[in-house]
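Please keep the sequence and the three-dimensional view at hand while reading.

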Amino acid sequence: MSHVAIVVFPGSNCEYDAANAVESLGATFEFVWHTSADLSKFDAVILPGGFAHGDYLRPGAIARFSPVMSAVQEYAASGRPVLGICNGFQVLTEAGLLPGALQKNRGLTFLCQPSTVRVVSNRSVLTRTTAVGEELSIPINHFSGSYTCDDDTLSALVANDQIVLRYTANPNGSRDDIAGVCNSAGNVVGLMPHPERATSALLGSEDGRALLASFIGLSLPQAA
Amino acid sequence: MKFSVLVEVSLRPGIADPEGATIERALPALGFEGITAMRAGKAFRFEVEAASAADAEAQAQSLAERLLSNPVIEQSHARIVEAS
């Protein structure tokens with residue numbers, strides 16, 4: 001049984017979606033308040049979407065100093081799986097756990113729509129059971145989702161196979177169509193699309209299930 | 001002494017600035033011609049208790065780099081605007 005920590009900051013709002021997705025895959029979860037300092041008992045850690053600390057200053061800028069982030073740093077350094085979804089991705093970049101940064105979307109519009117992403121690398125914990133080139137329909141829901149980094153960082157991402165997912169039709173101006181990246185070890189992943197909102201055909205897509213099953217280290221249960 | 005500090009944060013040169021670009025595109029409609037290189041940013045004002053202006057400025061610059069800006073995409077500049 002995989003036991004997943006879902007970190008909740010003041011202003012997180014996708015924690016129940018993440019919890020529902022994790023449970024539907026056969027894992028258990030606990031919400032972990034941002035003042036907690038110990039994640040050692042968990043098999044995986046998710047930083048869900050939302051507006052941590054109101055997104056004041058910049059998305060993730062203040063969340064990065066929440067006490068739980070020291071525990072996330074330690075947890076990530078031990079090689080265990082950490083996933084940042086949307087605002088969680090922004091928090092991980094601000095914390096320096098993932099390279100680059102997320103900027104306001106090109107066009108300055110809040111985007112809430114389906115997106116298609118292609119698996120670029122299956123070296124990461126999020127994609128290890130998927131095939132490179134596989135296309136997945138996963139919704140996006142963000143204002144600051146345009147991935148950016150300098151030339152050297154981009155070259156390093158490509159050289160180290162750290163680009164996890166790319167959009168097939170770039171919705172937000174992300175550099176090199178990047179939708180998700182991982183750290184060099186592959187155990188820390190961040191992505192702007194919401195796989196936890198793509199877990200039921202009834203709601204438009206269940207393509208997120210493969211990603212989350214890979215992440216929590218369980219095989220995908222047969223659809224009921 | 002107490003120093004009043006102004007910190008300006010802006011995107012680094014070369015980083016796309018959709019907000020600045022959108023503002024610039026709106027200018028001709030208002031009758032402003034010949035305005036280019038518009039960059040949007042943020043400004044912060046606060047007070048620092050310090051022994052000297054140099055110390056206050058150094059503290060403010062450190063704060064600007066650690067919290068007020070994201071050095072991956074932004075640059076920051078702290079300066080003293082008033083001493084009392």
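## A residue and its surroundings

Setting aside residues up to four places away in sequence, A:Met69 touches A:Phe9, A:Leu47, A:Ala63, A:Arg64, A:Val91, A:Leu92, A:Ala95 and A:Leu97. The model in which these contacts occur is a predicted one. A:Met69 belongs to helix α2 of chain A, which covers residues 68–77. Is A:Met69 buried or exposed? The relative accessible area of A:Met69 is 2%; a residue counts as buried when this value is under 20%. A:Met69 is therefore buried. Sequence and space may also be set side by side for one pair of residues: A:Met69 and A:Pro81 are 12 residues apart in sequence, and their C-alpha atoms are 14 Å apart in space.

## An enclosed helix

Another helix of chain A is α5, formed by residues 208–216. How many of the nine residues of this helix are buried? Nine of the nine are buried, so helix α5 of chain A is largely enclosed by the rest of the structure. The buried residues of α5(A) are A:Gly208, A:Arg209, A:Ala210, A:Leu211, A:Leu212, A:Ala213, A:Ser214, A:Phe215 and A:Ile216.

Which elements cover these buried residues? The cover of α5(A) includes the strands β1 (3–8), β3 (44–47), β4 (82–85) and β7 (135–142) of chain A, together with helix α1 (15–24) of chain A. After α5(A) comes A:Gly217, which has a positive phi, near 75°.

Chain A contains five helices and 11 strands. Its radius of gyration is 16 Å, close to the 17 Å that the globule rule gives for 224 residues, so chain A is as compact as a globular protein of that length. Along the principal axes, the C-alpha trace of chain A spans about 40 × 40 × 30 Å.

Chain B contains two helices and three strands. Read from the N terminus, the elements of chain B follow the order β-α-β-α-β. The radius of gyration of chain B is 16 Å, well over the 12 Å that the globule rule gives for 84 residues, so chain B is more spread out than a compact globule. The C-alpha atoms of chain B fill a box of roughly 50 × 30 × 15 Å along the principal axes.

| Chain | Buried residues | Accessible surface | Carbon and sulfur part of the surface |
|---|---|---|---|
| Chain A | 56% of 224 residues | about 8600 Å² | 51% |
| Chain B | 32% of 84 residues | about 5100 Å² | 56% |

Contacts across the sequence can be described for each chain. In chain A, among contacts between residues at least 6 apart in sequence, 73% join residues at least 24 apart. In chain B, residues 24 or more positions apart account for 72% of the contacts with a separation of 6 or more.

Charges form a further topic. Chain B has 8 positive and 12 negative side chains, with the centres of the two sets 4 Å apart.

## Confidence in chain B

The mean pLDDT of chain B is 94, and 100% of its residues reach 70 or more. Where in chain B is confidence lowest, and where is it highest? Confidence is lowest in helix α1 (residues 18–26) of chain B, with a mean of 92, and highest in strand β2 (residues 41–49) of chain B, at 97.

How values were computed: Residues numbered from 1 in each chain as written. Chains lettered and ligands numbered in written order. Predicted model: local features only at pLDDT ≥ 70, side-chain atom pairs only at ≥ 80, totals over all residues. Heavy atoms only, no water. Helix = DSSP H or I, 4+ residues; strand = E, 2+ residues; numbered from the N terminus. Rg over C-alpha atoms; globule rule 2.2 N^0.38 Å. Buried < 20%, exposed > 50% of the residue type's maximum accessible area, 1.4 Å probe, protein only. Contact = heavy atoms within 4.5 Å. Areas by Shrake-Rupley, 256 points an atom, 1.4 Å probe, with all protein chains shown as cover. Lys, Arg positive; Asp, Glu negative; His and termini not counted. Charge placed at Lys NZ, Arg CZ, Asp CG, Glu CD. pLDDT = per-residue confidence, 0-100.
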